[in-house]
Amino acid sequence: VGPGLGESLARKFVEEGCQVGLFARSADYLEELAGDLGGDTMAVPTDITDPEQVDTGFQEVRDTFGPVDILVNHASGGAWKGLQSISAAEFEQSFRVSAGGALLCSQAAVEDMLTEDGGTIIFTGATSAVRGRDGAIGFSAAKFAVRGMAESMARELGPEGIHVAHVVIDGQIATPQVRATDDDRNEEAFLDPDAIAESYWHLVTQDRSSWTLELDVRPHVEEF
């Protein structure tokens, strides 16, 4: 979770009656956010690329709130560099955060979902998941990988009552940082994180007879 869509998702899920474990590396940020959102949230300082930290974090959530039935794989990372400037380590780190972190968190959450009455796993994707971006080879490759993971998991886990969905964020989200630096751009050209969160919640509440595998969201004003 981070400023922008991550916070909007957490707030929406709490408003809908969920108890939410907030995962990020920054303990101070998480504590502040959990304090703002209230007693149905808990700060879980975690590096999701570390298997031991992920296992510990999920166990903390279970001990406090019970079995996990919703997971949002939202973290992403990547050096904004092209082929000739990116290092092998930077390229690998893109995968470790976006795909590797999602793998570890999904494995941890699915244990509960298979034991209980199913659940929902949502992946946050990007335009780069379907169309590689110039100058962002690590980010693009990792997002393609995440999309493939979502499709594979949907076929594997759907029969077990677990809904897996991938959301393509096709545009720029109006995060606090973006709002501060792009004052001259048409406000309608940005995606509202609160509106996106509504779409995520719709995926959680869909009837099992009509699950969505991939949802793409974009602003009605095209500036990209």
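This is a predicted model: local features need pLDDT of at least 70, side-chain atom pairs count only at pLDDT 80 or more; totals for chains, interfaces and linings use all residues.
Which strand holds the place of His-166? Strand 5, which covers residues 162-169. Residues are numbered from 1 along each chain as its sequence is written, and side-chain values use heavy atoms, with hydrogens and water left out.

Start with the fold. The chain has seven helices and six strands; these are DSSP runs numbered from the N terminus, with helices being H or I of at least four residues and strands E of at least two. Walk along the sequence and you get α-β-α-β-α-β-α-β-α-β-α-α-β. The radius of gyration is 17 Å, close to the 17 Å that the globule rule gives for 224 residues, so the chain is as compact as a globular protein of that length. That radius is taken over C-alpha atoms, and the rule is 2.2 Å times the number of residues to the power 0.38. Along its principal axes, the C-alpha trace spans about 45 × 40 × 35 Å.

Of the 224 residues, 47% count as buried, meaning under 20% relative accessible area with a 1.4 Å probe, protein chains only. The accessible surface comes to about 11300 Å², and carbon and sulfur atoms make up 47% of that; the areas come from the Shrake-Rupley method with a 1.4 Å probe, and for residues only the protein chains shown count as cover.

Back to His-166, then. This residue is buried, at a relative accessible area of 1%. Setting aside neighbours within four places in sequence, His-166 touches Phe-123, Gly-125 and Ala-129, as well as Val-146, Arg-147 and Ala-150, and also Leu-213, Glu-214 and Leu-215.

What about the cysteines? The structure holds zero disulfides, a disulfide being a pair of cysteine sulfur atoms within 2.5 Å. For Cys-18, the nearest cysteine sulfur is that of Cys-105, 17 Å away. Cys-18 counts as buried at 14% relative accessibility, and Cys-105 is buried too, with a relative accessible area of 7%.

Note on methods: Buried means under 20% relative accessible area, exposed over 50%, partly exposed in between (1.4 Å probe, protein chains only). Contact means heavy atoms within 4.5 Å.
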